[in-house]
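Good morning, colleagues. Please look at the model on the screen while I take you through it.

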Amino acid sequence: MKALALPMKATGADGDRTIQGFVTLGALVVLVVVASLISLSSGPTGVGLRDLLAYLTGSDSLSSQDVVVLEAVRLPRTALGLLVGAGLAVSGAMMQGLFRNPLADPGIVGVTSGAALAAVLAIVLGGTVLAPLAMVLGNQFLPLMAFFGGLINTWLLYLIATKDGRTSTTALILSGIAIGALAAAVMGLMIFIADDRQLRDITFWSLGSLGGATFGRVLSILPFIVFVLGAIPFVARGLDALVLGDAAAFHMGVPVQRLKRIVIIAVAAACGSTVAVAGSIGFVGIVVPHLLRLVTGPSHRFLLPASALGGGALLLIADSVARTVATPAELPIGVITALFGAPVFLFLLLGKGGIRMGEMP
Amino acid sequence: MITAEGVTVSRSGRKLVDNVGVELRGGHFSVIIGPNGAGKSTLMKVLSGELKPDAGQIAYHGSPIVRYQPVQLARLRAVLPQSVQLSFPFTALEIVRMGAVAQGARNPLEQARQALARVGLRGFEARPYPSLSGGEQQRVQFARALAQVPDPVVDGVPRALFLDEPTASLDLGHQISVLEVARDFAAAGGIVLAILHDLNLAAEFADHLLVLDHGSVVSQGACGETVNDDTIGNVYGIAGAVGRLPAEHIPFVLPQARHRPGA
């Protein structure tokens with residue numbers, strides 16, 4: 001991490017960071033491949049890198065049990081980790097651009113807890129009050145609930161914290177705390193009325209885990225993440241211009257209101273769907289974009305795709321650690337990302353030139 | 001030509017701009033002067049399309065402004081805002097490049113470099129914007145506006161530069177050099193509208209002066225007709241300010257043009 005902390009030396013001498021951007025993207029693709037190999041070859045069963053390579057080269061030295069481990073257990077988990085990591089990091093980067101504030105993160109400002117609350121509501125009330133809805137939506141019930149939870153939350157937050165196009169960091173963080181507290185209270189209520197099975201599910205959502213990954217879950221999150229990644233080319237230039245303020249962005253031809261709507265929906269889609277399949281995993285959305293900004297600069301042309309790749313890779317590595325550090329037990333991945341991410345966040349707050357608090361009221 | 005007719009903007013019962021009519025022509029350097037709260041910035045926001053007037057019409061080259069998409073307007077006019085602060089460390093070049101991209105430039109980087117050179121910031125390309133001084137930031141923003149409308153006239157249609165207090169945080173030399181770049185833009189057929197506080201600068205650079213007070217145009221026309229004791233006295237509440245030397249013990253500086261050695 002220290003090696004990446006070269007804020008201004010990393011700037012090309014001519015002020016243009018296009019080449020750096022492409023080199024970074026290339027390096028991240030390699031990192032994603034490496035992280036995928038690590039993820040596919042780590043776990044409590046003895047199937048390791050050598051077995052994985054044997055599988056990939058088509059050699060038949062593997063037992064059928066090992067093949068099942070690779071294909072049915074690890075492959076969906078790796079795919080899920082990439083999608084969830086990409087969603088978390090991109091939604092963080094987009095939210096920071098929307099709020100013009102490098103500290104905005106769906107986890108910190110409470111959007112994740114809004115989505116998690118909606119997911120918990122879906123779990124507990126899915127059999128009773130919300131049963132008709134659950135019937136209609138089938139497999140997509142939980143992700144859609146979480147999506148709308150995140151959407152309502154992001155919208156609310158934007159209304160509260162942004163006045164006349166300026167976002168106050170303090171209002172943002174404080175309303176995040178209030179919304180988080182409200183979500184926690186309702187969540188407590190749900191835990192109170194939940195049965196044992198539902199309780200286990202709720203614990204899973206609130207700590208975050210890639211355990212229980214199935215191709216079904218991969219498929220349920222896939223359309224959301226495809227939408228978010230597909231939005232990148234349409235919002236990147238606008239988010240760059242928005243850094244100069246709403247007015248300046250409009251002067252440069254950006255349809256500001258439409259841009260903001262797309263970004264809010266994309267953030268909610270990423271948060272909601274990742275929470276639905278993996279629970280709330282914190283700090284990926286703030287740490288990954290921040291580290292990448294040091295390398296590629298703040299331009300969203302590179303920051304957003306780089307965040308997608310970097311977030312996926314980071315989450316796979318964190319998940320591999322979560323799976324192996326306490327074998328045969330498995331740590332919740334949210335614990336790992338928080339252990340790594342919270343100190344980085346504090347470090348950001350401490351750093352003098354490293355971060356600016358945006359427009360303080 | 002950009003025209004405003006009967007433009008009125010009201011906020012909480014107060015008329016910020018009251019029934020103002022303006023014509024901005026290619027080849028003219030127009031300047032708005034007036035005391036604080038006269039409605040200068042509001043009028044400029046209406047003219048640039050940022051703010052919808054409560055009454056009245058704005059037309060760009062004969063078509064109502066509402067017919068233009070933001071991206072089309074961006075190719076017709078660029079705006080230099082008063083001050084822009086960033087929370088992300090974009091380099092000066094990256095900021096100016098955004099203007100060139102908004103214009104649809106084929107080679108935005110090249111155009112951004114040229115624009116930085118025009119405002120005297122060659123060599124500042126790689127500097128992170130937040131680390132620049134207020135005046136340097138202002139000139140980077142000016143370069144961004146220039147990169148957005150690099151040619152004063154395209155296919156016979158003039159492009160416009162709106163400058164809201166372009167000289168606010170600049171030293172004397174840079175005040176004049178920024179206005180000279182704007183004057184060159186007008187001289188080549190472009191439309192320039194600037195808000196200025198320094199009446200001497202306004203008098204030197206403006207082809208057309210608009211004196212605004214309490215949201216209304218008090219006087220407009222050539223400087224010789226508008227800057228007189230009556231108007232200045234009424235609008236600013238200062239007596240005997242025009243065309244007189246101050247008392248002997250007060251030194252004064254009257255900048256009129258940039259000093260060019262050997263010229």
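To begin with confidence: what we have here is a predicted model. Chain A has an average pLDDT of 83, and 92% of its residues score at least 70. Two stretches of chain A call for caution. Over residues 1-11 of chain A the pLDDT stays under 50, and the model has 16 contacts beyond four places in sequence for them. Residues 352-361 of chain A likewise stay under 50, with 21 contacts beyond four places in sequence. Where pLDDT is low, the predicted coordinates should not be read in detail.

I turn now to the interface. Here 30 residues of chain A are in contact with 29 residues of chain B. On the chain A side, the elements that give two or more residues are α9 (215-242) and α10 (246-251). Which of them supplies the largest share of that side? The answer is α10(A), with four residues. By residue class, the chain A side that touches chain B divides into 14 nonpolar, 10 polar and six charged residues.

Next, the sheet in chain B. Six strands form an open sheet with mixed pairing, in the order β6-β9-β10-β3-β11-β12. Why do β6 (77-80) and β12 (216-221) of chain B each have one side without a neighbour in the sheet? These two strands stand at the edges, and each has a single partner strand, so one side is left without a neighbour. From one strand to the next, the twist averages 15°.

Within this sheet, consider β9 (residues 160-164) and β10 (residues 191-195) of chain B, which run parallel and are joined by five bridges. In this region, B:L163 stands opposite B:A194 of β10(B). Lying across β6 and β9 of chain B is helix α5 (residues 134-148) of chain B, which runs at about 175° to β6(B).

Finally, the nonpolar cores. The largest has 184 residues, and those with the most contacts inside it are A:M94, A:A119, B:V96 and B:A182. Let us take B:V96 as an example. Apart from neighbours within four places in sequence, B:V96 is in contact with B:A112, B:A115, B:L116, B:V140, B:A143, B:R144 and B:A147. There is also a second, separate core of six residues, which includes A:L40, A:V47, A:Y55 and A:L70. In soluble globular proteins, nonpolar side chains tend to be buried together.

Thank you for your attention.

Key:
Residues numbered from 1 in each chain as written. Chains lettered and ligands numbered in written order. Predicted model: local features only at pLDDT ≥ 70, side-chain atom pairs only at ≥ 80, totals over all residues. Contact = placed C-beta atoms within 7 Å. Nonpolar A, V, L, I, M, F, W, Y, C, P; charged D, E, K, R; others polar. pLDDT = per-residue confidence, 0-100. Pairing = 2+ DSSP bridges. Axes fitted to C-alpha atoms, helices over the stretch in contact; angles between N-to-C directions. Core = buried A, V, L, I, M, F, W, Y, C linked by C-beta atoms within 7 Å. Buried ≥ 20, exposed ≤ 12 C-beta atoms within 10 Å, placed from the backbone.
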